[in-house]
Amino acid sequence: LGTILVGVFAFKGINGISGLLEGNVHQFLVQLFAAVITAVYAFIITYVALKVINLFTPVRVPDDVEVKGLDHGLHGEKAYDYTS
């Protein structure tokens with residue numbers, strides 16, 4: 001959000017480049033493009049990293065362990081006993 005808003009609130013008197021408030025749509029689009037490219041890059045790198053990690057060790061627990069609760073499935077105990 002901060003990166004995109006730089007394209008909105010930039011003033012030529014402060015940093016030499018005007019933003020959307022001063023009528024410079026181009027700078028706003030540059031900032032928006034940079035934010036989108038960064039988000040896409042981060043998504044792709046994270047996805048690839050998780051796929052590689054999943055080759056060596058599962059990233060998710062099995063469904064039956066998740067339903068019972070991770071404390072019981074992974075540690076063999078209950079963290080919260082609401083029956084007492």
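The model is predicted, so to speak of local features a pLDDT of at least 70 is needed, side-chain atom pairs count only at pLDDT 80 or more, and totals for chains, interfaces and linings use all residues. Residues are numbered from 1 along each chain as its sequence is written, and side-chain values use heavy atoms, with hydrogens and water left out.

Helix 3 covers residues 25-56; helices here are DSSP runs (H or I, at least four residues), as are strands (E, at least two), all numbered from the N terminus. With 32 residues, helix 3 spans 47 Å from its first C-alpha to its last, close to the 46 Å expected at 1.5 Å a residue. That expected span is 1.5 Å times one less than the number of residues.

Helix 1 (residues 2-9) packs on helix 3 at an angle of about 175 degrees, the two axes being 8 Å apart. Axes are lines fitted to C-alpha atoms, for helices over the stretch in contact, and angles between N-to-C directions run from 0 to 180 degrees. Helix 1 is therefore roughly antiparallel to helix 3, on a scale where under 35 degrees is roughly parallel, over 145 roughly antiparallel, 65 to 115 roughly perpendicular and the rest oblique. On the helix 1 side the contact (heavy atoms within 4.5 Å) involves Thr3, Ile4, Val6, Gly7 and Val8, and on the helix 3 side Gln27, Phe28, Gln31, Leu32 and Ala35. Sorted by type, these residues come out as six nonpolar, four polar and no charged. Here Ala, Val, Leu, Ile, Met, Phe, Trp, Tyr, Cys and Pro are nonpolar, Asp, Glu, Lys and Arg are charged, and the others, Gly among them, are polar.

Gln27, Phe28 and Gln31 of helix 3 are buried, a label for under 20% relative accessible area, with exposed over 50% and partly exposed in between (1.4 Å probe, protein chains only). Helix 1 is included in what covers the buried residues of helix 3. Glutamine 31 has 14% relative accessibility. Setting aside neighbours within four places in sequence, glutamine 31 touches Thr3, Ile4, Val6 and Gly7. Leucine 32, also part of helix 3, is partly exposed at 31%. Its C-alpha lies 7.7 Å from that of glycine 7, 25 residues away along the chain.

Serine 18 sits in the loop between helix 2 (12-15) and helix 3 and is buried, at 16% relative accessible area. Not counting residues up to four places away in sequence, serine 18 touches Ala10, Phe11, Lys12, Asn24 and Gln27.

Then there are the aromatics. Rings of Phe, Tyr and Trp (its six-membered ring) pair if their centres lie within 6.5 Å, and planes under 30 degrees apart are stacked, over 60 edge-to-face and the rest tilted. One aromatic pair turns up by this rule. The ring centres of phenylalanine 43 and tyrosine 47 are 6.2 Å apart with planes at 20 degrees, so this pair is stacked. Both residues belong to helix 3, four residues apart, about one turn of the helix. Phenylalanine 43 is exposed at 58% relative accessible area, while tyrosine 47 is partly exposed at 46%.

Alanine 49, in helix 3 as well, is partly exposed at 35% relative accessibility.
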